[in-house]
Amino acid sequence: MISFKNVTKKYGEEITAIDDVDFTVEEGKIVVLLGPSGCGKTTLLRMVNRLESISEGEIIINGENSKDLDPIELRRKIGYVIQSNGLFPNMTIEENVMLVPDLLGWSKKDKRERFKYLMKLSGLDAEDYGKRFPHELSGGQQQRIGVVRALAADPPVMLMDEPFGALDPIIREKIQDEFLQIQREVKKTILFVSHDIDEAIKMADKIVLLRDGKVMQFDTPSEMLAHPKNEFVSQFFGKDRAIKSLSLHTVENLREIIGLGPVDETIQDTKTINVHQDLRNTLSMLMNQEADQVIVKDDHGENIGTITIDLVQKYLHFEIKGKISASQEG
Amino acid sequence: MENWARFLEVNASRILELTIDHAVLVSLAIIVALLIGIPLGIYLTTNQYLADTVLQIASITLTIPSIALFGVMIPIFSLINQGIGFVPAFVALVLYSQLPIIRNTYTGIKNVNPEMRDAAIGMGMKTHQRLLRVEIPNALPVIMAGVRTAVVMNIGIAVIAAYIGAGGLGVLITQGISRNDNYLIISGSIAVAVLAIIADSILLLIQKRFTKKVLAN
């Protein structure tokens, strides 16, 4: 758990980079720090492992005030991932990944076992990749290594500073999915910096939206999309925030609430989607298809119904727009 | 050619001896220069003000003509009865090697990718761990380039040291000039050139040996 208690950072008397920030990252949850450039999100993140100093207030990490801890010890207990992966080119992948365990004086055997486990998580072959050097890997592979390196000593807390920002969109989505998969297994307490709204909506249990070092809103993604607290928040998420919020809902949700269309066995050649696909992608698919419906399959590959633009619109109307208009009236 | 054969028959062992003297003088000076220059270069990365000052002083040292520096050293070292010979030559060579060694160490470490340094600090490395495991290994090609410059330069400067009685291959050349003996001049010069090439190649091998393949790119 990471608690920010009235945290402020000032440069001199004039400039306030972080202004009275107060929120908590619950155990095992991902909180995304989101905001335009220069809003202080990276500074706030770096205050946790004391790469930046705190002027006022305190940060409590798993019950301990970060100020009372030795910065070296503190950093070794916090996984840290940066955008350009920060792998050391003079070390092999195995040396890179096992760096913190090595600093902590783990035995050779423990390190070896941990490395194999981590590489399994990353989906890369331990024997094949362990001896390679970072430049021999693709950008996506390097970033996977950057993530598992942060997990090496099994730290309870992780800080991720735009970890997938340098990747191309296709690889980025894939690695985001993989990372969420890993998170389901390791359940770390994660503070994650992003400037990408879609990434934030996808990764976050809760979002902290920052502007000029102040918290504009601290809420779950769906709450933030449905009930923006002020003009800045609603502008930041844009006019299409109803569509954005579709990525928080799956075909399964729609099926539960308004039901799918019947399967028409006479239609051939139409695209199929999995029932766990999110509605935003489903909508894009429907709009790109010439056919006006796609067949929904469950996990066993059985056809369980069809979905059309009309159905998505209906769902959007009931589930999402309803909430938004209710909030605007209220 | 016959003349050369006769010349070498008489002088080969002397040339070899002087080459060894020359190499010993330069090696000792470089070893001491490394012991001073590398720690100093590393320290300077933490102190910007001192870095500017020290690098300027080192640059100025390098502009002093070697013959003049040897001249200045004679009265100074006369105070301890070492006015000519090995000691002043050795000190001069140490001074001359400082600039390339300090500057390349300093620049090499300063230019290590700041994100890499950030990652190292963020992962909880102590200063010496960061230096030894990340910064120095990644700065090694630049540091070694400085060392190689210093060695090759010193092999040349050490020739002049013959004028203050420090021995080495300069003896052949100075004698050749005063006796008007081309064989001495040419054999001395070639020996210096060969020594410089060999020394540089050995250092290049060492550099490649200690630099993981990624850095060679």
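This note comments on helix packing, nonpolar cores and selected residues in a predicted model.

1. Helices 3 and 4 of chain B. Helix 3 (residues 66-78) of chain B packs against helix 4 (residues 86-110) of chain B at an angle of about 130°, and their axes lie 9 Å apart. That angle makes helix 3 of chain B oblique to helix 4 of chain B. The crossing of helix 3 of chain B past helix 4 of chain B is right-handed. On the side of helix 3 of chain B, the contact is made by B:Ser66, B:Leu69, B:Phe70, B:Met73 and B:Phe77. Helix 4 of chain B contributes B:Val87, B:Pro88, B:Ala89, B:Val91, B:Ala92, B:Leu95 and B:Tyr96. By class, the residues of this contact between helix 3 of chain B and helix 4 of chain B are 11 nonpolar and 1 polar, with no charged residue.

2. Helices 4 and 6 of chain B. Helix 4 of chain B also packs against helix 6 (residues 127-160) of chain B, at an angle of about 155° and with the axes 8 Å apart. Because angles over 145 degrees count as roughly antiparallel, helix 4 of chain B and helix 6 of chain B are described as roughly antiparallel to each other. Helix 4 of chain B passes helix 6 of chain B in a right-handed crossing. The residues of the contact of helix 4 of chain B with helix 6 of chain B comprise 16 nonpolar, 7 polar and 1 charged.

3. Helices 7 and 8 of chain B. The axes of helix 7 (residues 170-179) of chain B and helix 8 (residues 182-210) of chain B come within 7 Å and cross at roughly 160°. Helix 7 of chain B is therefore roughly antiparallel to helix 8 of chain B. The crossing of helix 7 of chain B past helix 8 of chain B is left-handed. From helix 7 of chain B, the contact residues are B:Leu172, B:Ile173, B:Gln175, B:Gly176, B:Ile177 and B:Arg179. From helix 8 of chain B, they are B:Leu184, B:Ile185, B:Ser187, B:Gly188 and B:Ser189. This contact of helix 7 of chain B with helix 8 of chain B has 5 nonpolar, 5 polar and 1 charged residues.

4. Nonpolar cores. The largest nonpolar core holds 48 residues, and those with the most contacts inside it are A:Phe4, A:Phe23, A:Leu44, A:Phe88 and A:Leu191. Strand 2 (residues 15-25) of chain A supplies the largest share of this core, 5 residues. A second, separate core has 47 residues, including A:Val97, A:Met119, A:Ala126 and A:Met158.

5. The surroundings of A:Phe88. Leaving aside residues up to four places away in sequence, A:Phe88 touches A:Asn96, A:Leu99, A:Pro134 and A:Arg149, among others. The residues of chain B that A:Phe88 touches include B:Met116, B:Ala119, B:Ala120 and B:Met123.

6. A:Ala242. This residue is found in helix 12 (residues 241-245) of chain A. A:Ala242 has a relative accessible area of 15%, and it is buried because the cut-off for that term is under 20%. A:Ala242 and A:Leu316 are 74 residues apart in sequence, yet their C-alpha atoms are 7.6 Å apart in space.

7. Positive phi values. A:Asn6 has a positive phi of about 45° although it is not a glycine. A:Asn6 is found in strand 1 (residues 2-11) of chain A and is partly exposed, with a relative accessible area of 41%. A:Lys187, also a residue other than glycine, has a positive phi near 50°. A:Lys187 is placed in the loop between helix 8 (169-186) and strand 8 (189-194) of chain A. With a relative accessible area of 57%, A:Lys187 is exposed.

Terms used:
Residues are numbered from 1 along each chain as its sequence is written. Chains are lettered from A and ligands numbered from 1 in the order in which they are written. This is a predicted model: local features need pLDDT of at least 70, side-chain atom pairs count only at pLDDT 80 or more; totals for chains, interfaces and linings use all residues. Side-chain values use heavy atoms; hydrogens and water are left out. Axes are lines fitted to C-alpha atoms, for helices over the stretch in contact, and angles run from 0 to 180 degrees between N-to-C directions. Helices (H or I, at least four residues) and strands (E, at least two) are DSSP runs, numbered from the N terminus. Angles under 35 degrees count as roughly parallel, over 145 as roughly antiparallel, 65 to 115 as roughly perpendicular and the rest as oblique. A crossing is left-handed if the near helix is turned anticlockwise from the far one by less than a right angle, and right-handed if clockwise. Contact means heavy atoms within 4.5 Å. Ala, Val, Leu, Ile, Met, Phe, Trp, Tyr, Cys and Pro count as nonpolar, Asp, Glu, Lys and Arg as charged, and the others, Gly among them, as polar. A nonpolar core is a set of buried Ala, Val, Leu, Ile, Met, Phe, Trp, Tyr and Cys residues joined through side-chain atoms within 4.5 Å. Buried means under 20% relative accessible area, exposed over 50%, partly exposed in between (1.4 Å probe, protein chains only).
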